[in-house]
Amino acid sequence: MKKFVATVLTVVLCLGVLFGCGASYTADESTVFILKNGKVVSTDVDDFDENTYDQEDLKQYIKSTIDTYNEENGKGLVELKDLTVKDGKATLTISYASAADYRKFNDIELFTGSVAQALAAGYSFDGDFASVKDGKIAACDAKEFMEDADYKVAVIRGNLNVKVKGTIAYVSVQNTKYVDKQTIAIGEGFSLLETEQETQGTQEAEETEGVAVEDTQAQEVSGAVTDDELLNSSAEDTEVTFDFDEPEESTEAGSELSQVYTYIIYK
C-alpha cells in the first residue's frame, strides 16, 4: 500500500507482519512475503501522529483506495487484512492475489515465477550473483541456476525485505544482505559479498583476541588509541540510527523505490 500511504504518512521505519492461512509471520523490517500459491502479503509500519491524523479516517481512505482498485481490476484482488495504531505507529497489512496486483497497486516492480518465465518476461539476470547455500555465501556464475527448471525467482525493485516460501539458493549481490534461508534484505549500500567478508573478519578477530590485547598494550605505550577508544569508536561506527527529521532530499537512499533489480532464486 506504499504508493498512497506515502501521501498520508511520512515513512521512516518499516516492519513486516504477514497474516494468512491461519498463521502470522513477523519481521523486523518492511517485508514482502511471497507465498507458494502466487499470492503476496505485505505489512507497512509508519509513524502516525494521532494529533494530526485520525485512525478511522485513514482506515476509510485505505478501504476506498482498495475498493477503487478492485472495481477497476477485478473483485477481491487486493484485501485489507489489518490496520492498527499504537505508540505512534500505524501498522497496515494487505494481501494481493498476485505479484502483478502488488506491482500495480504499489507501483513497485515485482515478478514471481520460474527462471524460464522471468527470462520470457524480459528479465536478463545481469550483474553479479552469489550462492547462499547453507548460509555460506560465495560468488558464482548465473549459469549455475539458469538451466535448472526447478528454481523459482523473485525479481523486485525496492528497498525492503523479501521472504519466500522455500529455501534461497542464489541472490544478486548489489544492494542485498543475507538474513536467513528464506529472507533477503534489500537496501542501498548493502553488498552480499562484503557482508560475508565482514563476518569472516569478525570471526578471525575473535580467534586472535589474545594477540590483539598485546598489540593494544603496545599502542598505549606509544600513545596510540586505547581499548576504551576502540570500543567506543566501534559502537559509534556500527550503530544503526534513524533521523526522523531528516530532509526529504537526504532520504533518497532509504526510499522504498530502487533502480536496481534484485534477483532471489529459490526452491
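This is a predicted model: local features need pLDDT of at least 70, side-chain atom pairs count only at pLDDT 80 or more; totals for chains, interfaces and linings use all residues.
Figure 1. Of 267 residues, 37% count as buried (under 20% relative accessible area with a 1.4 Å probe, protein chains only; exposed is over 50%, partly exposed in between). The accessible surface comes to about 15400 Å², and 46% of this area belongs to carbon and sulfur atoms; areas come from the Shrake-Rupley method with a 1.4 Å probe. Residues are numbered from 1 along each chain as its sequence is written. Local features need pLDDT of at least 70, side-chain atom pairs count only at pLDDT 80 or more, totals for chains, interfaces and linings use all residues, and side-chain values use heavy atoms, without hydrogens and water.

**Figure 2. Confidence along the protein chain.** The average pLDDT (the predictor's confidence in each residue, from 0 to 100) is 75, and 66% of the residues score at least 70. Over residues 6–23 the pLDDT is below 50, yet this stretch has 59 contacts beyond near neighbours in sequence in the model; a contact means heavy atoms within 4.5 Å. Residues 216–254 also stay under 50, with 17 contacts beyond four places in sequence.

**Figure 3. Packing of helix 2 against helix 3.** The protein chain has eight helices and 15 strands, taken as DSSP runs (helices H or I, at least four residues; strands E, at least two) numbered from the N terminus. Helix 2 (residues 55–73) and helix 3 (residues 99–106) pack at an angle of about 125 degrees, their axes 12 Å apart. On the helix 2 side, Thr65, Ile66, Tyr69 and Asn73 make the contact; on the helix 3 side, Asp101, Lys104 and Phe105 do.

Notes: Axes are lines fitted to C-alpha atoms, for helices over the stretch in contact, and angles run from 0 to 180 degrees between N-to-C directions.
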